Amino acid sequence: MSAAARAFKEGGGWGEESLVEVVRASGLGRRHVPVLLVLVVNGPLPVGMIARQLALRPATVSQLTGELERAGFVRRRPDEADRRRVIVSLHGPHRALVERFARARLEPVRMTLAALSDVERAHFLHGWRVLVEMQRRFAAAAEAEGEGEAGSSGTMER
């Protein structure tokens, strides 16, 4: 599991300046990159949908997208159907780099899914959905536990 996570995180091999380096050169950090990946995969989205995709609070995503907009990575505009919502989309100057970066990170996943039979693919995807749900439950329980304590020892009970 850790080898797969490391390979996904490191990616590389596309032979040009990485998106992370461009993000850093713009005064931003790694935490901004997942927002860009969600946008390249899904297209323009409201802030709330990005927040749900990343399991972040809308206020956090609003801050991240504001910083990305100031750095020229995204555009934000009011939703014509509901002026209270803000639609975020990738912006031109960095779009191709974000797309190449996403392709380099996501191609192994696509290849894996293509190599599986329909039944294997269904089981694989079910397993990932269960993992994500357990991660959410664990995070919620940890947050609830943290609200009732002044500190935590950082150990995991079995």
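## The sheet

Arg-76 stands opposite Val-88 in strand S3. This is a predicted model, where local features need pLDDT of at least 70, side-chain atom pairs count only at pLDDT 80 or more, and totals for chains, interfaces and linings use all residues. Residues are numbered from 1 along each chain as its sequence is written, and side-chain values use heavy atoms, without hydrogens and water.

S3 covers residues 86-90 and runs antiparallel to S2, with five bridges joining the two. Strands are DSSP runs of E, at least two residues, and helices are runs of H or I, at least four, both numbered from the N terminus. Two strands pair if DSSP finds at least two bridges between them. The open sheet has three strands in the order S1-S3-S2, paired antiparallel. Strand S1 (45-46) and strand S2 (74-78) are the edge strands, each pairing on one side only.

## Salt bridges

A salt bridge puts a side-chain nitrogen of Lys or Arg within 4 Å of a carboxyl oxygen of Asp or Glu. The count is ten.

One of them joins Glu-67 and Arg-31, N to O at 3.4 Å. Glu-67 lies in helix H5 (residues 58-70), and Arg-31 in the loop between helix H2 (19-25) and helix H3 (33-42), 36 residues apart. Glu-67 is buried at 17% relative accessibility. Buried means under 20% relative accessible area, exposed over 50%, and partly exposed in between (1.4 Å probe, protein chains only). Arg-31 is partly exposed at 45%.

Another salt bridge pairs Glu-143 with Arg-57, their closest N and O atoms 3.3 Å apart. Glu-143 sits in helix H7 (residues 118-147), Arg-57 in the loop between helix H4 (47-54) and H5, 86 residues apart.
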